[in-house]
Amino acid sequence: MSLEVGQKAPEFEAKIETGETIKLSDYKGKKVVLYFYPKDATPGCTAQACNLRDNYDTLLKAGYVVLGISSDAEKSHQKFIEKQALPFSLIADIDLKVHEAYGTWVEKSMYGRKYMGTARTTFVIDEQGKIAEIISKVDTKNHTAQILK
């Protein structure tokens, strides 16, 4: 199922880096930046996280909550957050349920080899829980600008 702007964002329940369980509905009334990324501590994912970190105050002032999500475990997320001083939570979607609900677990290809992985995609969800924007061509170094445009 592919999601479209205007649709209700799929509800989910998942653990963040602290082991605490969160739900999308916990953020009703707030704008949510839900960004899917492939792997903690890799160059592109670090650039993206640091761009969001460096512009976090601007995003907060614009009313956004930022949540990153990958298939990495909570412990990996904790290390990534500490090393990069990230001011937002990262969701550990080890069972890929959230990835599948949002259509971001896809077949990829590198050097002719096919494998399954995360499609780097950001969903901007409005205060009513509807998808306001889908960013599929993420510029990791200028991601905040893409969100705020």
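Which residues lie nearest the centre of the largest pocket? They are Lys 8, Glu 11, Leu 24, Ser 25 and Gly 129, among the 14 residues that line this pocket. The structure is a predicted model, in which local features need pLDDT of at least 70 and side-chain atom pairs count only at pLDDT 80 or more, while totals for chains, interfaces and linings use all residues. Residues are numbered from 1 along each chain as its sequence is written, and side-chain values use heavy atoms, with hydrogens and water left out.

**The largest pocket**

- The largest pocket holds about 150 Å³ of space; a pocket is an open set of points on a 1 Å grid over the protein atoms alone where a 1.4 Å probe fits, with protein on both sides within 12 Å along at least five of seven lines, and lining residues have an atom within 4 Å of a point.
- The volume is the space filled by probe spheres set on the points, which are joined across faces, edges and corners.
- By class, the lining has five nonpolar, three polar and six charged residues; Ala, Val, Leu, Ile, Met, Phe, Trp, Tyr, Cys and Pro count as nonpolar, Asp, Glu, Lys and Arg as charged, and the others, Gly among them, as polar.

- Helix α1 has 12 residues and reaches 16 Å from its first C-alpha to its last, close to the 16 Å expected at 1.5 Å a residue; the expected span is 1.5 Å times one less than the number of residues.
- Helices (H or I, at least four residues) and strands (E, at least two) are DSSP runs, numbered from the N terminus.
- The buried residues of α1 are Cys 45, Thr 46, Gln 48, Ala 49, Cys 50, Asn 51 and Leu 52; buried means under 20% relative accessible area, exposed over 50%, and partly exposed in between, with a 1.4 Å probe and protein chains only.
- The cover over these buried residues includes β3 (31-36), α2 (56-61), β4 (64-70), α3 (74-84), β8 (121-125) and α5 (143-148).
- Gln 48 is found in α1 (residues 43-54), and Gln 48 counts as buried because its relative accessibility is 0%.
- Beyond its neighbours within four places in sequence, Gln 48 is in contact (heavy atoms within 4.5 Å) with Tyr 35, Tyr 37, Arg 120, Thr 122, Val 138, Thr 140 and His 143.

**Nonpolar cores**

- In the largest nonpolar core, which has 20 residues, Phe 12, Leu 34, Leu 67, Ile 91, Tyr 102 and Ile 125 touch the most other members; such a core is a set of buried Ala, Val, Leu, Ile, Met, Phe, Trp, Tyr and Cys residues joined through side-chain atoms within 4.5 Å.
- The elements giving two or more residues to this core are β1 (13-16), β3, β4, α4 and β8.
- A second, separate core of 19 residues includes Cys 45, Leu 59, Val 66 and Val 124.

**Buried residues in loops**

- Thr 104 lies in the loop between α4 (97-102) and β6 (105-110), and it counts as buried because its relative accessibility is 1%.
- The C-alpha atoms of Thr 104 and Ala 119 are 5.0 Å apart, although the two residues are 15 residues apart in sequence.
- Apart from residues up to four places away in sequence, Thr 104 touches Phe 36, His 99, Gly 117, Thr 118, Ala 119, Thr 121 and Phe 123.
- Phe 88 has its place in the loop between α3 and β5, and it counts as buried because its relative accessibility is 4%.
- Phe 88 and Ala 49 are 39 residues apart along the chain, with 9.4 Å between their C-alpha atoms.

**Positive phi angles in exposed loop residues**

- Ala 85 is not a glycine, yet it has a positive phi of about 55°; its place is in the loop between α3 and β5 (89-92).
- Ala 85 counts as exposed because its relative accessibility is 54%.
- Tyr 111, in the loop between β6 and β7 (113-118), likewise has a positive phi, near 50°.
- Tyr 111 is exposed, with a relative accessible area of 82%.
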